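Please look through the sequence and the model below before reading my points.

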Amino acid sequence: MKIEEPSLKRYLNQVDLSADLIVAGGGLSGVCSAITAARQGAKVVLVQDRPVLGGNSSSEVRLWILGATSHMGNNNRWAREGGVVDELLVENTFRNPEGNPVILDMILLDKVIQEPNIQLLLNTAIYDIEKKDQDTIESIQAFCSQNSTSYRLSAPLFCDATGDGIVGFLSGAAFRMGAEHKEEFNEGMAPTEEYGELLGHSLYFYSKDTGKPVKFIPPSFALTDITQIPRFRNFNANEFGCKLWWVEFGGRLDTVHDTEKIKWELWKVVYGVWNYIKNSGQFPEAENLTLEWVGTIPGKRESRRFEGDYMMTQHDLVEQRSHKDAIAFGGWSIDLHPADGVFSERPGCNQWHSKGIFQIPYRSIYSKNITNLFLAGRIISVSHVTFGATRVMATCGYIGQAAGMAAAMCIQGQLQPRDLLTGENLQKFQQNLMREGQHIPEFSLSDDQDLALQAILTASSEYQLKGFERVDLWKSLVVPSAQMFPLKAGILPVFSVHIHALDDTELKVELRMSSKKGNFTPDVTLAEENIPIKKGKQVVDISFDVEIEADDYVYLMFGGNSDAEIGCTEQRLSGILSLFNSKNKAVSNNGKQVPPEGTGVDEFEFWCPQRRPNGQNFAIAVSEKQRVYGVENLLNGIDRPVSQPNAWVAEINDPQPAVNLTWETPQVIKKIDLWFDSDFDHPMESVLMTHPENVMPFCVRDYVVKNDAGDTIFEQKNNYQTRNQILFEKGVLTKNLTIELQHPSGNIPAALFAVRCYADQNNIIW
């Protein structure tokens, strides 16, 4: 071993790395940003200051990933985020339906290291930056505690997805911290100073039943006066993980620099709560429980918010404003918390929902004064009120992948972030996002490179919607219930409903629609009727003299009636659901939203589906078949239900469902994109909540692709993902493609949202 001569100072190992894009922060937004950019050909360095990826969703914090679907507790149907977010959640549900956070860590790491264009640096904290000029970042400095190495990371573009915005802060990017006054943006939901200006941090714990009595001796720092926590009266010994979201503190402190102080206060609370549960004598059911895990870093909600060229406000959410530069959507409630957190007498959260999902504009995801800095995750340009809705992880990831695509386009086009707003760049940017599965409300993909648009498209069959006639079980109508139907424009058909009256009674029936096309809040009553029915089983015909002007969803609704049951079927179809006017306390859904006067939030009812294995469709037939599953849906550029199902669906009795594309002349095909139904209405919470299946029941598992000679050129078994991308390195020369699919089950016909074909494997449209 070499012995060095003494010196005045030694230096850390220094490594210089350069890339096209530096993504700072390895939470869900950073992961989605890095993967998206890398898949478009950009060289990416992903810098994460923790030992695992996922941020608040990782095993270090263990919060479930949620976004616009909101536990299926709002009116945002088929609103799970697409693209990489969807891919990760579907993968996690397939591998990890039990919600083990350690498995999610593994999946995120696996996805990142599979991308050859990503260099991942874990345990590496950013502490300094260098600037080329006042408005431009040149490099960042970071230190890895595990290998005692300092990194200088250089790139033309940077994406700050760090949550606290360390890159933006050090570079001088304009930011805000704390709530705006109500007058600044005329926001009715702006909190008072008493309520507080910041959301706090939370720390979770897990308990475990050991099968034998376990004692607990608390640490000296545990909270001893449990009455300081008003919620102590409602403690539940069986709650653990992120169901303890209310263990929150720090909203009146500096949520950046006081984080360690906040953590210790949360540890004090956690061990005090557990001591009370174990040793107060009030919870005999906790005798065999042990404290299996306590978080070591708190899950942060709010700190800095950076300013872009546009700052979203409450009005963007509630009014669902349209933006020509929309690149993503959100749909979580305006979810604000009292700054005193667990010590507050107020409810732990204050959630107010919009009638549907809302657009997020591109101008909100880059810095207004640092020219080469993208913003991703919870630090984007929004007011404090809007932050209450955009801060959740699936929305953050969705924003991250938009930033990743923007960065990749800027690299290829030698542009700066703001340049994507000019000329045709914006349209191409939006088209590139949608091509990769990013649904943007009110937009559809129109891809002139898609060879499928030049083909003659036919199918072996098309499902003709005639409702459901088969009764497999009966369900009480004690809760107001409804069946959604996608119907064609014109006079509405007669509905024939299977009813079992337990006594002579009256059936209250309404026909509703949504006031906004693309929404799923049934707030417009088209007709209503009270129908006397006699005791016994019967088919009730309901006819409304109603005409709708455009293809859309209608809702046949039944008032609550404990004397009646409705027939239900196990048959399921893409883009069709039964709904219930029930409550979901997890998202402050009490059946109807009645906001206080002056808050600027809408009043409306919640009509939500049940989770499988429940949520069967009602046995309701329609008198005229509705052609809503035509093969032309495969080319309409919308890959989920919106105002219609937007899917091709085969007849259930079709022995070999198939789609055929025929061209006048042979085409060289190097890439085929197929988009399947992985049930965008299922929120797929990543941890704690288990799921009834690991493959969504609508998803086609097995299929083959054949050329014009009838040869099989691709075969897939056991598919479970939304997107299947089929690559042919040398290309396939053919005048015809046939995609033969198998029905997912005897109760669910084969469905497909899109088929796209390309002559090259490039992803970015220019």
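**Notes on pockets, cavities and helix contacts**

1. The lining of the second largest pocket is made up of six nonpolar, 14 polar and eight charged residues; in this count Ala, Val, Leu, Ile, Met, Phe, Trp, Tyr, Cys and Pro are nonpolar, Asp, Glu, Lys and Arg are charged, and the others, Gly among them, are polar. The pocket holds about 690 Å³ of space, and of its 28 lining residues Arg39, Glu87, Glu436, Arg723 and Gln725 lie nearest its centre. Two or more lining residues come from each of helix H1 (28–39), helix H2 (83–95), H9, strand E38 (658–675) and strand E41 (723–741); helices (H or I, at least four residues) and strands (E, at least two) are DSSP runs numbered from the N terminus.

2. Before going further, please keep in mind that this is a predicted model, in which local features need pLDDT of at least 70 and side-chain atom pairs count only at pLDDT 80 or more, while totals for chains, interfaces and linings use all residues. Residues are numbered from 1 along each chain as its sequence is written, and side-chain values use heavy atoms, with hydrogens and water left out.

3. On a 1 Å grid over the protein atoms alone, a cavity is a set of points where a 1.4 Å probe fits but cannot get out, whereas a pocket is an open set with protein on both sides within 12 Å along at least five of seven lines, and lining residues have an atom within 4 Å of a point. Grid points are joined across faces, edges and corners, and a volume is the space filled by probe spheres set on the points. How many cavities of 30 Å³ or more does a search of the whole structure find? The search finds three.

4. The largest cavity has a volume of about 200 Å³, and among the 23 residues lining this cavity, Leu577, Arg612, Asp679, Asp681 and Phe698 are the closest to its centre. Its lining has 10 nonpolar, six polar and seven charged residues.

5. Two packed helices are described by the angle between their axes and the distance between the axes. Here axes are lines fitted to C-alpha atoms, for helices over the stretch in contact, and angles run from 0 to 180 degrees between N-to-C directions. The axes of H2 and helix H3 (residues 101–113) come within 10 Å and cross at roughly 130 degrees, which means that H2 is oblique to H3; angles under 35 degrees count as roughly parallel, over 145 as roughly antiparallel, 65 to 115 as roughly perpendicular and the rest as oblique.

6. The crossing of H2 and H3 is right-handed; a crossing is left-handed if the near helix is turned anticlockwise from the far one by less than a right angle, and right-handed if clockwise. Glu87, Leu88, Glu91, Asn92 and Arg95 of H2 make the contact (heavy atoms within 4.5 Å) with Leu104, Met106, Ile107, Leu108, Asp110 and Lys111 of H3, and these residues divide into five nonpolar, one polar and five charged.

7. H2 also meets H9, where the axes come within 7 Å and cross at roughly 130 degrees, so H2 is oblique to H9.

8. The axes of helix H9 (residues 393–413) and helix H10 (residues 425–435) come within 10 Å and cross at roughly 125 degrees, so H9 is oblique to H10.
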